Amino acid sequence: MATSFVVESPDVAYTSDFIEAQYTYNTTLVCQEEGSTKVKPCATKLTFRTERHVPKLGVMLVGWGGNNGTTVTAAVLANRLGLSWMTKTGTKHANYYGSLLQASTVSLGTGPSGEVYIPFRDLLPMVHPNDIVFDGWDISSLNLADAMQRAEVLDWSLQQQLRPFMEGLKPRPGIHRPEFIAANQEKRADNVLTGAKAEQVAQIRRDIRDFKSSSGVAKVIVLWTANTERFCDVHPGVNDTAAHLLQAIERGLEVSPSTLYAVASILEGCAYINGSPQNTFVPGAVELAVQRGVFIAGDDFKSGQTKLKSVLVDFLVSSGLKPVSIVSYNHLGNNDGCNLSAPAQFRSKEVSKSSVVDDMVQSNPVLYRPGERPDHCVVIKYVPCVGDSKRALDEYTSEIALGGTNTIVIHNTCEDSLLAAPIILDLVVLTELCQRIRVGVAGETEPQPLHSILSLLSFLCKAPLVPQGTPVVNALFRQRATIENFFRACVGLPPQNHMLLEYKTRQPWGCTEHPCPTSAPAWPTSLQRKASHMNGFLGPPGDNGPGLPGLGVGHAR
């Protein structure tokens, strides 16, 4: 086994079990003293410790038989099997395009020919999606092959190849509370758990234990990709504390299905991710996760229109332009759109979509007075004809110099589930990795796990869940930089600042004065050969891993 890169530094130590890095975290404290603003640079010595062993990961999806659940399962199978299929535009090959970890790169640093890039997945040892084992629940009894056909997402020739591998996969019965989703979903509900809420939670816990035992996975992560629920009111004495929430479940009081799954997962020590916009994480659920030291993350996959909005508004405000109106219209024809046609469920989605611009507006008091924000309208309509191919139309109107107006209009066709599937994989892979990372103040405490609210995953969520008092960041590239620089810290590398100062001064220094040898290191050559499965490690040429021809599996076990 050879790592894809080695950091040569006295502050970084590699053992067979851990990568340990001593890291200086630099921040800036701004305060008011005696009528003036004072800025104080601060430095904190931290220890990052990352466990190197990559476990076998199981993922249980709530809504496994839906469009997202069938698509992400099909994607992993197609990549694991190395499938190709014909379309009217030619041959297509299975890939993980749309995945931050599998299909994007990061810069390690500067070499003689410029910046050296590696796949994001190779910064640290990570689970590869091909190795994930799936299971889950659904209120529909269709096996995954028939559910995939019902979803109408994948090309038919690909579905035909996948059918033998998916028709034996059948969701476990799910929790169904009709009052939380649209009435038009009732016809699908033929695979539901009966009994009181406490009995349903107990069954979900048994399902998790059964899956873990029967599949041989070392860890289980549960992810909600089922229908959007209506919001659940927060009531003192019902769901405001962990104790009250557990009592409410025992007494049969109002608790949403997504929160019941969350409680069951937390009690089993399994991380829980909410991929829909409803308020699954009521205060009692958050407190329970913190008490148990279990990761929770959400809310709502950020895949299409909102992801673009988090880029465009950041661009406008950072350029000194003042967005005064943002109007977003969507129509879609999949089951998600059908469910969102009900007002209560649409309201949950509207809330998650509407807050995405807040931090960018608040960052610029030159443009916006206190309390001022752009007009922001979100509309979603159900149009069955378009299926999973959602249409998003946006109009951004900005005030420019001397009373002028700039209007940008965008039409965006988003193949909803094909965008969501790679996000699901990134969410579970990042969550598992974070379970193996410890951070502590050097010399004071032993490195500790991260906060139970895994805000590091904000890049992938419309309405990021963060610990109380934490600034909410929605600007997409700030969110991406957070993940990248956090992982760089884990291996003792400084944050990526893009200054390239050595190329901007008259006197040469750094890489411009002492260039590296002109021969490229071995691992970029391997990357050029399109090694598809590295997880932070490179296997020997021709290593095909555990019985999967042509997949290039070569990571540590």
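This is a predicted model: local features need pLDDT of at least 70, side-chain atom pairs count only at pLDDT 80 or more; totals for chains, interfaces and linings use all residues.
Which backbone oxygen does the side chain of Arg230 reach? The side chain of Arg230 reaches the backbone oxygen of Glu179, at 3.2 Å. Here a polar contact is a pair of N or O atoms within 3.5 Å; within protein, one must be able to donate a hydrogen and the other to accept it, and residues adjacent in sequence count only if both atoms are side-chain atoms.

## About the model

Residues are numbered from 1 along each chain as its sequence is written, and side-chain values use heavy atoms, with hydrogens and water left out.

## The chain as a whole

The protein chain holds 15 helices and 21 strands. Helices (H or I, at least four residues) and strands (E, at least two) are DSSP runs, numbered from the N terminus. Of its 557 residues, 53% count as buried. Buried means under 20% relative accessible area, exposed over 50%, and partly exposed in between (1.4 Å probe, protein chains only).

Among contacts in the protein chain with a separation of 6 or more, 72% are between residues 24 or more positions apart. Contact means heavy atoms within 4.5 Å.

## Two nonpolar cores

A nonpolar core is a set of buried Ala, Val, Leu, Ile, Met, Phe, Trp, Tyr and Cys residues joined through side-chain atoms within 4.5 Å. In soluble globular proteins, nonpolar side chains tend to be buried together. The largest core here has 76 residues, and Ile132, Phe134, Leu162, Leu427 and Phe487 touch the most other members. Helix α13 (residues 416–434) gives this core its largest share, 11 residues. Apart from it lies another core, of 38 residues, including Ala242, Ile249, Tyr272 and Ala289.

Leaving aside neighbours within four places in sequence, Ile132 is in contact with Leu57, Val59, Val76, Arg80, Val127, Leu425, Val428 and Val429. Arg121 lies in the loop between β9 and β10 and is buried, because its relative accessibility is 7%.

## Aromatic pairs

Across the whole structure, a search finds seven aromatic pairs. Rings of Phe, Tyr and Trp (its six-membered ring) pair if their centres lie within 6.5 Å; planes under 30 degrees apart count as stacked, over 60 as edge-to-face and the rest as tilted. One of the pairs is Phe120 with Phe487, which is edge-to-face at 6.2 Å centre to centre and 85 degrees between the planes. This pair links distant parts of the chain, 367 residues apart: Phe120 is in the loop between β9 (114–119) and β10 (133–138), and Phe487 is in helix α14 (residues 476–490). Phe120 counts as buried, at 0% relative accessibility, and Phe487 is likewise buried, at 0%.

Trp224 and Tyr261 form a pair with ring centres 5.9 Å apart and planes at 65 degrees, so this pair is edge-to-face. Trp224 lies in strand β12 (residues 219–224) and Tyr261 in helix α7 (residues 257–267), so the pair ties together parts that are 37 residues apart in sequence. Trp224 is buried at 4% relative accessibility, and Tyr261 is buried with a relative accessible area of 1%. Elsewhere, Tyr23, Phe48, Phe120, Phe486 and Phe487 form one aromatic cluster.

## Charges over rings

A charge sits over a ring if NZ of Lys or CZ of Arg is within 6 Å of the ring centre and within 35 degrees of the ring normal. Arg230, from the opening question, lies over the face of Phe180, at 4.2 Å from the ring centre. Arg230 is found in the loop between β12 and α6 (242–251), and is buried with a relative accessible area of 18%. The charged end of Arg49 sits over the ring of Phe18, 6.0 Å from its centre.

## Ser215 and the cysteines

Ser215 is in helix α5 (residues 197–215) and is buried, with a relative accessible area of 19%. A polar atom of its side chain lies 3.4 Å from the backbone nitrogen of Val217. Leaving aside neighbours within four places in sequence, Ser215 is in contact with Lys56 and Val133.

The structure holds zero disulfides, a disulfide being a pair of cysteine sulfur atoms within 2.5 Å. Cys42 counts as partly exposed, at 28% relative accessibility, and Cys377 is partly exposed at 36%.
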